Amino acid sequence: ENLGSAPGEMVYAIKRIRYIDGNIMCLEESYYRQTIVPYLNREIVEQSIFEYLETALGLNIGFSDMYMHVGKLPDAVATHLELTAGDPALTVETIFHLTNGRPFDYSVITYHYEHSQFVVQANGLYL
């Protein structure tokens with residue numbers, strides 16, 4: 001639904017743990033439309049998927065829609081992050097689009113509250 005794909009359309013489902021300085025930073029769960037991304041393997045997903053999409057497939061990544069949620073970790077996600085269910089969490093859902101507007105990747109990233117920090121730069125705007 002988040003990718004605007006037809007019922008039965010095949011997607012790649014990828015789950016990755018990201019680390020920073022040897023500590024778990026986040027759990028990333030991503031879904032790629034196979035009609036746009038026809039091939040992924042372990043070697044590709046262990047590196048930069050977007051670099052592969054741009055260089056090997058010649059895709060033009062355009063923009064993304066991001067939705068941020070603050071809440072408590074469910075059991076399944078807490079296990080992957082080596083935290084306790086109910087601990088605080090920041091989850092970012094993102095839909096990535098090509099420059100022609102077609103969505104190709106839906107990702108849900110849940111960050112480890114002890115190992116993550118964020119910087120928001122602003123220029124003349126107040127948040």
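Hi everyone. Let me start with a term: two strands count as paired if DSSP finds at least two bridges between them. Keep that in mind while we look at this chain, which is a predicted model.

A word on confidence. The chain averages a pLDDT of 94, and 98% of the residues score at least 70. Confidence is lowest in α1, at a mean of 95, and highest in strand β5, residues 103-111, at 98.

Now the sheet. In what order do the five strands of the open sheet come? The order is β1-β2-β5-β4-β3, and the pairing is antiparallel. At the edges sit β1 and β3 (61-72), each pairing on one side only. From one strand to the next, the twist averages 15°.

Let's zoom in on one pairing. Strand β2, residues 23-33, is joined to β5 by seven bridges, and the two run antiparallel. As an example of a bridge partner, E29 has V108 in β5.

Y31 lies in strand β2 and Y106 in strand β5, so the pair ties together parts that are 75 residues apart in sequence. Are these two buried or partly exposed? Y31 is partly exposed, with a relative accessible area of 30%, whereas Y106 counts as buried at 13%.

Then we have Y32 and F104. Here the ring centres are 6.5 Å apart and the planes are at 35°, so the pair is tilted. Y32 counts as buried at 1% relative accessibility, and F104 counts as buried at 0%. Y32 and F104 also belong to one aromatic cluster, together with F50 and F96.

That brings us to the inside of the protein. In soluble globular proteins, nonpolar side chains tend to be buried together. Which members of the largest nonpolar core touch the most other members? Of its 15 residues, the answer is Y32, V37, L40, I49, L53 and F104. At least two residues of this core come from each of β1 (11-20), α1 (42-45), α2 (49-55) and β4 (88-98). α2 gives the most, with three residues.

If you click on Y32 and leave aside neighbours within four places in sequence, you'll find contacts including V37, L40, I49, L53 and F104. M10, V11, Y12 and I14 are also among the residues in contact with Y32.

Apart from this core lies another one, of eight residues, among them L27, L81, L83 and A89. L27 has its place in strand β2, and L27 is buried, with a relative accessible area of 1%. Not counting residues up to four places away in sequence, L27 touches K15, R16, I17, V77, H80, L81, V108, I109 and T110. For a sense of distance, the C-alpha atoms of L27 and Y67, 40 residues apart along the chain, are separated by 16 Å.

Note on methods
Residues numbered from 1 in each chain as written. Predicted model: local features only at pLDDT ≥ 70, side-chain atom pairs only at ≥ 80, totals over all residues. Heavy atoms only, no water. Core = buried A, V, L, I, M, F, W, Y, C linked by side-chain atoms within 4.5 Å. Buried < 20%, exposed > 50% of the residue type's maximum accessible area, 1.4 Å probe, protein only. Helix = DSSP H or I, 4+ residues; strand = E, 2+ residues; numbered from the N terminus. Contact = heavy atoms within 4.5 Å. pLDDT = per-residue confidence, 0-100. Axes fitted to C-alpha atoms, helices over the stretch in contact; angles between N-to-C directions. Phe/Tyr/Trp six-rings, centres within 6.5 Å; stacked < 30°, edge-to-face > 60°.
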